[in-house]
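Dear colleague,

Here is the structure I said I would pass on. My notes on the domains and the metal site follow below.

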Amino acid sequence: MFTAASLTLGLGWASTARAQSVDFIRQEVFVDLATPGMTTVDLELELVATGSVTKFSTANPAIPITSVLVNGAPGTFAPHPTYPEYLTEIRFPGTFAAGDTIAVSIQMSGVPSCGASALSCSSTPDETLFTFPSPGSAWYHVDPFKVDPFIGSVELRVPVGYVAVAGHGKLREIITESPEVERHAFDFVAPTEVFGGYAAKGTNVATMESQGGFPTKAIYPLEEAKVEEVTRAVDVASRVIPVLTEHYGPLAIEGANLVTVPKNFAFGAMSTLGVVYVNEVVFTTETYLVEQGMAHETSHFWWGNTATAELANEGPFFGESMAEYSGWRALGELDGVAKRTAGMRMNAVWYMYRRPNDADMDVLTGDQSNPAFVHVVYHKGPLVLRTLEEYVGSEAFGAVLKDSINLGLGGLSVDRLVEDVAAATGIDINPLVEEWLRAQGFPRIAVTARVGDESIELSFDQPSYTLRVPVDLVDVRGGRTQHIVDLEPGASTVSLPLPAAGLAAVEIDPLWTMVREIASERAEDVTLDGVVDGADLIEVALRHGTSLPSKRRVDGSYDPLFDVEPDRKVDDADLARVISAAP
Ligand SMILES: [Zn+2]
């Protein structure tokens, strides 16, 4: 659904291949899109040898390499001996020693072939689109084995009247070459790893700019898109980015672009710094929720493009889990806590009940081939972050995350996060990391309530987790008394004073701060106050008609607590059971 660039960069190979003995310093990219039937790319690379070196690897480009020059002398290129389907080796005419500067010119020329599957680039006479440099669709050099950011520039040579974007590059100038051709020159002044390039005939696309908030511009096909969906996307992005900036610090960009990509692209939406590539499907059908999608994607400007994981297996957690968590955190702040709760519940429910064949894995395995990858990384992962937030305290945890962004590309690690939380708060989150991130599954908490004259005794039973559980006592006037109950593995009992106005309901973890199932000792006692009565009937009736959503969306409202007769939907059968259980 929402693929991060960091997932497809080939970082997964890092463990099986030795790092390259070059440090990548600068890259100047010249792309000629003004010659009909032919795309030409010239790369000027500046590398510094970090050891004795005769070659380096780059992702297979979308356009055939035609020549290589190394410090002015001819070099050669050939498929990588171990990964020919992914990588090309650029071979030097001689050997360089540590400290040597190497200037490499690579020329590519031809018709872009963007690979048959997992489309991430496209080329037609009127539009050229390169998103991220994955093998087979690369258009500039990125180190496939290690995080090695560079600075540099991009020039797009296009017919006059074209719209052009080069990732988060800052437009330096538009150079008029002739009445027919101009060059859009962009600079990348901050270290960068991944950016996309886009150029389209101006008469085929429309642009829409935000009215307030963070400057956001959508570029979308004139013919196809629904203007109200584009408007919604621009609105959400422009409102969410300022909140994210408060949470995670300012970015080195002055605006955001939403670039529409063709329907056959392999993702719903995907981001590089400052640019969200939005599948046309998003703007033409109702199948995708623009709001949660844009909040998730713009969060990737920080998580996945400003800061990334040091270890490949932690990449999905620091990219996808963080983006999903951050998007809902920001939406909750903008539109109210109920929105965040709905998002957290949706993610929990999807992890708990929608894993194919009950497949599972540890979040930190990061194994994309596991059938439960999406459920674990996109749905459980963000809830684990919410759980950590609750355990550490929102403000303190938020401050640690904000500082983490400064660790930059390749700087994030779970061990470091544990250390930083301990240093900032004295709280050891290691036990939570072990149970939530390095183990599978989720807790099922059995709750028994006994109401006395002045207090309610709540007994909890769950076999293996250390949990901090918010418990609200709701009185008959709707007032709330909030408690925190710390649970160790096994059975435990707490006694809480009854509200003076009279107890109406006990709500366990009402904001969905974790992936969990709450099971009332008597399933019909959904208010967890020890009796089955009209209040339970009302609560179930209020959820009547809610079911586990068939799509990954938040409007299903399914909550298993109210599914008294468990069948993944709250319906007449659940009401009937409450009625028959009431005295
Ligand atoms: Zn994502």
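Domain bounds here come from an automatic or database domain assignment. For the protein chain that assignment gives domain 1 (2-299), domain 2 (312-437) and domain 3 (444-581). This is a predicted model, in which local features need pLDDT of at least 70 and side-chain atom pairs count only at pLDDT 80 or more, while totals for chains, interfaces and linings use all residues. Residues are numbered from 1 along each chain as its sequence is written, and side-chain values use heavy atoms, with hydrogens and water left out.

Domains 2 and 3

The centres of domain 2 and domain 3, taken over C-alpha atoms, are 25 Å apart. Contact (heavy atoms within 4.5 Å) involves 25 residues of domain 2 and 27 residues of domain 3. The two domains bury about 2,500 Å² between them, 66% of it on carbon and sulfur atoms; buried area is the accessible area (1.4 Å probe) that two parts lose on being put together, summed over both. Between domain 2 and domain 3 there are zero salt bridges, a salt bridge being a side-chain nitrogen of Lys or Arg within 4 Å of a carboxyl oxygen of Asp or Glu.

Zinc site

His 296 (NE2), His 300 (NE2) and Glu 320 (OE) coordinate the zinc ion at 2.0 to 2.1 Å. Donors are N, O and S atoms within 2.8 Å of the metal (3.2 Å for Na, K and Ca); water is not among the atoms, so sites may look incomplete. Along the chain the donors of the zinc ion follow the spacing H-x3-H-x19-E.

Regards
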